[in-house]
Amino acid sequence: MEAQAILLLPTAVPSATTIFKSSSQIIMKSQARIRATRRQLLASHPSAIALKREKDAKKRIVVTGMGLVSVFGSDVGTFYDSLLAGESGISLIDKFDASSFPTRFGGQIRGFNSKGYIDAKSDNRLDDCQRYCIVAGKKALEDAGLGNQELYKIEKDRAGVVVGSALGGVTIFSDNVDSLMERGYKKITPFFIPYCISNMGPALLAKDLGFMGPNYSISAACATSNFCFCAAANHIREGKADLMIAGGVDAPIIPVELGGFVACRALSQRNDDPQTACRPWDKDRDGFVLSEGAGVLVMESLEHAMKRDAPILAEYLGGAVNCDAYNITNPRYDGLCVSSCIRSCLVDAGVSVEEVNYINAHATSTVVGDLAEVNALKKVFKSKEEIKMNATKSMIGHCMGAAGGLEAIATIKAIKTGWLHPTINQFNPEPAVEFDTVANEKQQHEINVAISSSFGIGGHNSVIAFSAFKA
């Protein structure tokens with residue numbers, strides 16, 4: 001019996017190591033449940049529990065550079081000055097013969113010059129989608145004090161690029177389909193596959209810069225840029241990167257894309273007055289305006305930015321993404337998932353509802369979408385008196401995957417300058433909107449916390465939050 005007892009002892013009485021491991025697992029599971037419960041509670045009521053912003057300099061994320069290609073050119077200052085002046089960048093399309101289309105206008109980029117950023121031989125082969133990405137990315141680095149002569153200051157294996165595109169290299173794709181149909185497969189260029197896929201922009205940019213960190217493209221329709229900002233931030237917070245170039249790009253002003261959106265009945269048809277066609281929250285809106293461009297940010301950990309004495313433009317506080325799981329084109333009219341996304345963004349940012357006093361809205365000028373977004377905002381922001389909300393697309397149109405990137409730049413410029421650009425073409429406002437939409441004239445406004453929203457076909461929702469940087 002004694003021998004049997006001794007043999008049974010190891011299973012009857014667990015060792016101290018076993019007990020410790022079991023206890024640790026129980027504690028970890030309990031902590032995980034507590035964190036999950038807290039997230040759920042805060043997502044429903046971001047003001048219910050005192051929120052704390054990130055304090056760790058390795059996890060705090062700052063914006064140190066901005067770069068763009070737009071209907072107003074490729075200079076950030078000129079871009080925002082044009083917005084503040086209430087200028088429209090929308091005009092009749094002359095890139096191709098659009099005379100037979102029901103919609104004959106858009107946000108066409110003119111006078112684009114890549115000299116000094118892309119070598120001439122490569123430039124001749126690239127799709128505009130890649131051209132815009134490379135130029136915007138390099139300009140953002142210059143803005144961050146990291147031009148070609150300064151790149152030695154960073155560890156390139158800890159620097160990455162996440163620049164997305166909703167559509168990819170559509171001109172290359174369309175041209176080569178024409179070649180196939182008219183002259184056969186032997187006339188398809190060997191550059192067709194590389195230059196029509198959406199990841200080639202960030203790949204080429206990284207190749208030029210020698211950035212060996214995370215590199216890929218996200219495609220989430222019109223929410224693409226914000227998805228990329230969230231992904232880039234996560235790489236930094238997780239310690240996988242020190243610096244990321246992030247944003248979006250698209251170049252859809254070609255016949256097949258214009259025709260496709262016409263077929264969806266999504267576009268305005270105000271051919272007699274293109275500059276007033278995009279009119280978010282106006283009762284007479286009749287669809288969005290197709291546009292093109294690129295907008296990217298240089299995002300860094302605060303620790304990395306301070307070590308190299310970088311110019312800090314703003315702080316990225318947090319972001320969130322989710323899906324409507326509802327309809328391939330239409331948003332949920334009740335705004336349920338969008339409001340949830342806003343709340344989740346505020347939780348990630350450590351921000352209460354009451355702290356937000358500026359919204360750069362998605363606001364595309366569609367009949368359903370504009371009010372669906374407003375309904376979502378009303379679910380979150382019960383008090384609207386201190387909040388200003390505007391629509392960048394009223395002047396530059398809808399740049400698809402680049403929209404959120406350009407709007408993030410407009411948001412940061414608003415934080416820096418204290419001036420909000422107007423929402424133009426507010427002739428007959430929807431009374432249900434209720435927010436101050438900065439109608440037709442710029443306004444001064446000291447921004448506490450700003451959010452920028454982007455929503456895409458397929459039900460992709462995204463919201464990001466910024467503030468002025470405070471040490």
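Colleague: In β7, which residue is the bridge partner of Ile245?

Modeller: This is a predicted model in which local features need pLDDT of at least 70, side-chain atom pairs count only at pLDDT 80 or more, and totals for chains, interfaces and linings use all residues. Residues are numbered from 1 along each chain as its sequence is written, and side-chain values use heavy atoms, with hydrogens and water left out. Strand β6 (residues 243-250) runs antiparallel to β7 and is joined to it by eight bridges, where strands are DSSP runs (E, at least two residues) numbered from the N terminus and two strands pair if DSSP finds at least two bridges between them. In β7, the partner of Ile245 is Val298.

Colleague: Which residue in β7 does Val62 stand opposite?

Modeller: Strand β1 (residues 61-69) pairs with β7 in the antiparallel sense, over eight bridges. Within β7, the residue opposite Val62 is Glu300.

Colleague: How many residues of strand β7 are buried?

Modeller: Buried means under 20% relative accessible area, exposed over 50% and partly exposed in between, with a 1.4 Å probe and protein chains only. In a regular strand the side chains alternate between the two faces of the sheet. Both faces of β7 are covered, with Leu297 and Met299 among the buried residues on one side and Val296 and Val298 among those on the other. Strand β7 (residues 293-301) is largely enclosed by the rest of the structure, because the buried residues number nine of the nine.

Colleague: What is the relative accessible area of Thr224?

Modeller: The side chain of Thr224 reaches the backbone nitrogen of Ala220 at 2.8 Å. Thr224 is buried, its relative accessible area being 0%.

Key:
Helices (H or I, at least four residues) and strands (E, at least two) are DSSP runs, numbered from the N terminus. A polar contact is a pair of N or O atoms within 3.5 Å; within protein, one must be able to donate a hydrogen and the other to accept it, and residues adjacent in sequence count only if both atoms are side-chain atoms.
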